[in-house]
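Please look through the structure shown here, and then work through the questions and answers that follow.

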Amino acid sequence: MSTITNHMPTAELQALDAAHHLHPFSTNESLADEGVRVITRAKGVYLTDSEGHEILDGMAGLWCVNIGYGRDELADAAARQMRELPYYNTFFKTTHTPAIALAAKLAELAPGDLNHVFFAGSGSEANDTNIRLVRTYWAEKGQPDKNIIISRKNAYHGSSVGSASLGGMAGMHAQGGIPIPNIHHINQPNWWAEGGDMSPEEFGLARARELEEAIQELGEDRVAAFIAEPVQGAGGVIIAPDTYWPEIQRICDKYDILLIADEVICGFGRTGNWFGSQTVGIKPHIMTIAKGLSSGYAPIGGSIVCDEVARVISATEFNHGYTYSGHPVAAAVALENLRILEEENVVDHVRNVVAPYMKKKWDALVEHPLVGEAKIAGLMGSIALTPEKASRAKFASDPGTIGYICREHCFKNNLIMRHVDDRLVISPPLVITPAEIDEMFVRIQKSLDDALVEINEKGLMKPAS
Ligand code: PXG
């Protein structure tokens, strides 16, 4: 008998879920009271829930279903690989064809001399790999004390002990004894919230120069690497001012600091290029990948490493690896996903068709009374909600109150959009069509209008003093 219970009534599924399933990033007690939404199937950009609602997935799952749902080719690739070789490891002098082919394909797609791949099962695992990789790199070069990694507040790099330490999420650091030692966080380039009276350009430079100040303070011989998302995703789709990244690159070059681009969200077309590093014009030594690598159809991640880092690391035994490093089924699914992205010109579709189409509509959202700033890079966008545009004011209510109200109205209008405090973010599947974008904006507009009514009724349209 199948153990998949899609056929059960929603209330029974919710009760079982509440009894036995602990959800990530959730207050499980209140979730149990409210009842979770049960997703049963999906096709293209639409999800279907157990009540038969058709929901437009403006988040591509969790920023990952780049090619959209329901592609049989990936299911077939998985089934073929499971029959031929469902599992073997890549430890102990062994390899297999899916891992070889995927590593070679990634070396071809990745810019510059990023030619070597260390596989992991997720973005968190890959960033844990990166911590050990860069520290081992400098130790092998005779500089074991060059082991501090600089990251940014409000960055998201994963949920394991290492990757959450790299991340700059205050709520995560408040639980479970992290960050681990020798991780240092500088401020993020979020002009809307933190730019004060500076112009975006001045602010971008100032925030980049915090990296230089941190290196000078900690010591050039102590700092191993700087890690950052080309566009911060989970932090609220923060797009740095144009002056930021060239300055970051200059500083990393000047002080011999390895640059790690966390491409877990930005990679594989999201920003209109294969990698976000290309969009913001940086040359990383290491890129973290996951999510869009398999369009979320199978769990797989990894670190793509440049020639020099690979050369140094390869001279020693790197005591690190996961049972599922290069998992053959996940690798076969990822390869099929990359074939589709390439052959169907999905990255061009983003850059030349849907990103410009969406940008026009997204930018126009600033006309809405609730919206202060609307920013978008490729197909990842954010709006900052505000009660007073001119002063870029925050709301008087607790952070996230207004964002949550908006998010709930999106749900009611069968649209998935996420809120990060009082920002709303969007990241639809890359294969979305202009007609589907039109439909999405009908739902966005209605959700913002409905939310505004509720916010006004509750007297919440008030700036913080
Ligand atoms: N780096 C980045 C930039 C990410 O966005 C990870 C690493 C970790 O990947 P894994 O595969 O271990 O989850 C991520 C993941 C959200 C949200 O609420 C975002 C992520 C994960 C969970 C929730 O936006 N990004």
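Q: Is Ser-314 buried or exposed?
A: In this predicted model, Ser-314 lies in helix 13, which covers residues 307-314. A residue counts as exposed when its relative accessible area is over 50%. Because the relative accessible area of Ser-314 is 59%, the residue falls in the class called exposed.

Q: How far apart are the C-alpha atoms of Ser-314 and Tyr-137?
A: Along the chain, Ser-314 and Tyr-137 are 177 residues apart.

Q: Is Asn-127 buried or exposed?
A: Asn-127 is found in helix 6, and, leaving aside neighbours within four places in sequence, Asn-127 is in contact with His-157, Ser-163, Leu-166, Ile-227, Asp-262 and Thr-288. The class called buried requires a relative accessible area under 20%. Since Asn-127 has a relative accessible area of 0%, this residue is buried.

Q: Which helix gives the largest share of the shell around the ligand?
A: Two helices, helix 3 (60-63) and helix 6 (123-140), each supply at least two residues of this shell. The largest share, three residues, comes from helix 6.

Q: How many residues of the shell around the ligand are charged?
A: There are 16 residues around the ligand, and Trp-63, Gly-123, Ser-124, Asp-262 and Arg-418 are the ones that come nearest. When the shell is divided by residue type, six residues are nonpolar and six are polar, while the number of charged residues is four.

Q: Which domains each give at least three residues to the shell around the ligand?
A: The protein is divided into two parts, one made of 37-67 + 345-457 and the other of 73-343. The shell draws at least three residues from each of them, that is, from domain 1 and domain 2.

Q: How many residues does the contact take from domain 2?
A: Taken over C-alpha atoms, the centres of domain 1 and domain 2 are separated by 26 Å. The contact between them takes 35 residues from domain 1, while the number taken from domain 2 is 36.

Terms used. Residues are numbered from 1 along each chain as its sequence is written. This is a predicted model: local features need pLDDT of at least 70, side-chain atom pairs count only at pLDDT 80 or more; totals for chains, interfaces and linings use all residues. Side-chain values use heavy atoms; hydrogens and water are left out. A residue is near a molecule or strand if one of its heavy atoms lies within 4 Å of it. Helices (H or I, at least four residues) and strands (E, at least two) are DSSP runs, numbered from the N terminus. Ala, Val, Leu, Ile, Met, Phe, Trp, Tyr, Cys and Pro count as nonpolar, Asp, Glu, Lys and Arg as charged, and the others, Gly among them, as polar. Domain bounds come from an automatic or database domain assignment. Buried means under 20% relative accessible area, exposed over 50%, partly exposed in between (1.4 Å probe, protein chains only). Contact means heavy atoms within 4.5 Å.
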